[in-house]
Amino acid sequence: MAPGSSNANAELLKAEGNALHQARKYKEAYAKYSEAIKQDPKNAVLWANRAASALSMKKYLDACTDAEKATQLDPKYTKAWGRQGTAYLSLGSWPKSVSAFQKALDCLPATGELSKADQVLKAQFEDGLKKAQANIGREFTPDHVRIPNDSNVPWKRAMALEPTLIAQRQMKSSEFQEGIDGMNELHTKVIRGQKAMVGRTGTNAWAEGGPRMVQEEAPKRLKTSGWGAVRPAITTTVRGWIMRGFLTASFQIQGAAAEFVSDALQILQWGARVWKNVPKEERGVIFETTFIRGVKRLYLNILVETYTENKGDLEAIAKVAREMIDEDQAPPQGEVDPGNLAWYYLQKARATSDYDEGTELCKESAAHYYKGAILSPKDDEKHVSFLKVCLDAHWYAGSPLKVTLPIASKIRESIQEVKKIWEYSADSKARDVWMDQVISFENHFKAEVEAGRMSLEASGGPEGMDISSETNVYCFHKPTTVCAPIPTRMAHVQLRPVIEMSAILHVVSEALNSGFN
């Protein structure tokens, strides 16, 4: 049970919040509960209800904070413990989730005294407890964060090229080396039975709570302690969320990954707005446009991963991608690749049953992938990977050889530059396979055109490319003189983009080396 409230205003606001929550207007309900808490901050029900709205919005860190506050006010509040367990489960904090669910069960009446509502709660808590316990013993294999210790890893090959690039004035400084030095400060440590990555400490960062707590407390700290204390606290908190988002994505905990990076973005955008007139030297580089853009790229990639795994909100992905492109119309120095928007159009093509619409969507996707390739450095792995998916989209659309052959030629010409750094990357084996396909396609159809057996206006592509395939593996067969038939129901191979190492290194490099002065 939870204590009631004697505050009439708080009760009225709570009732309004309840109605909004029932209507699935979670943001508005959250705001009502926040108003009620100001009226009656010692009412555990209000904190627990706001935790429920936060959970519904997938704001798990804020939900943890509110549910914990509710249990502090009322240690026997069953629902508050259950919501805390659910939030920790969603964040991948298995031991904390186990503890919270166990306390939720302990707070229920004896089995023979359970009401129907309590029986439902008991079943929910037991299910959550079982899931959390199973994950504690789960063996994770995060392939794309396993770091081989040899000279062929991309960043070491890039470091070896650094003197040449500086001599050719293609690099301004040794920022990459500074990033590596910062990464080397990370080490593993066993905390409460789990391995964790530990870096710089002593910054008084927010170890608990979500963006709401940071937004409430940071201005207060600023008044009492100044930027010298607040800057490292905020930057460490944000970087911690970014790193945790990347790592939880590596462990396929997609919901938690999106939450951590989304929370980091919320603080970055809030801080950039609130402190827009504060010099960079004081507030730190994390509020700079380039840093925020890098985090947005990571967030967008995680959303794509989430959609691939769980069929999430496709339109939300397109919205973020378009926002990034709109923001980048006049970039200060860099650029935003439109690759995720291109991926969105391919998913739309895959979903439509209209042949003509699907063909146009494939062409739209190809155009965005091509732009993404051109915007990427020529020695970046995604330069050729974007070109390859652009070529795939044109194949599916039945585009003529006058379009597809130049793209294939561009891939072949670019691959050697890419291999200087990325020859032994995590994606190298798959890349080698599709490179053979591209070269085979180009050689075959060039010969056909030169011999006069085909026109550049004709279509051609690899035999057996099944556009309706549900895998991300292509059918690698020798090309034929005709394009593979396209089913009447348009679909697309489910391309599963991975988080590019270049983007991650950029974010981690800046995250670990900026703003501690």
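Which residues does Leucine 268 touch, not counting residues up to four places away in sequence? Select Leu268 together with Val238, Ile286, Phe287, Phe291, Ile292 and Val295, which are the residues that Leucine 268 touches, with that exclusion; contact means heavy atoms within 4.5 Å.

This is a predicted model, in which local features need pLDDT of at least 70 and side-chain atom pairs count only at pLDDT 80 or more, while totals for chains, interfaces and linings use all residues. Residues are numbered from 1 along each chain as its sequence is written, and side-chain values use heavy atoms, with hydrogens and water left out.

Next, select Ile234, Val238, Leu268, Trp275, Tyr369 and Ile411, the residues with the most contacts inside the largest nonpolar core, which has 88 residues. Such a core is a set of buried Ala, Val, Leu, Ile, Met, Phe, Trp, Tyr and Cys residues joined through side-chain atoms within 4.5 Å, where buried means under 20% relative accessible area (1.4 Å probe, protein chains only). A second, separate core has 14 residues, including Trp81, Val98, Phe101 and Ala132.

Now select helix H17 (residues 355-375) and helix H18 (residues 381-397), whose axes lie 8 Å apart at an angle of about 165°. The axes are lines fitted to C-alpha atoms over the stretch in contact, and angles run from 0 to 180 degrees between N-to-C directions. H17 and H18 are therefore roughly antiparallel to each other, a term for angles over 145 degrees. Tyr369 of H17 and Phe386 of H18 are among the residues that make the contact.

Finally, select helix H3 (residues 44-56) and helix H4 (residues 60-73), which pack at an angle of about 160°.

Terms used: Helices (H or I, at least four residues) and strands (E, at least two) are DSSP runs, numbered from the N terminus. Buried means under 20% relative accessible area, exposed over 50%, partly exposed in between (1.4 Å probe, protein chains only). Angles under 35 degrees count as roughly parallel, over 145 as roughly antiparallel, 65 to 115 as roughly perpendicular and the rest as oblique.
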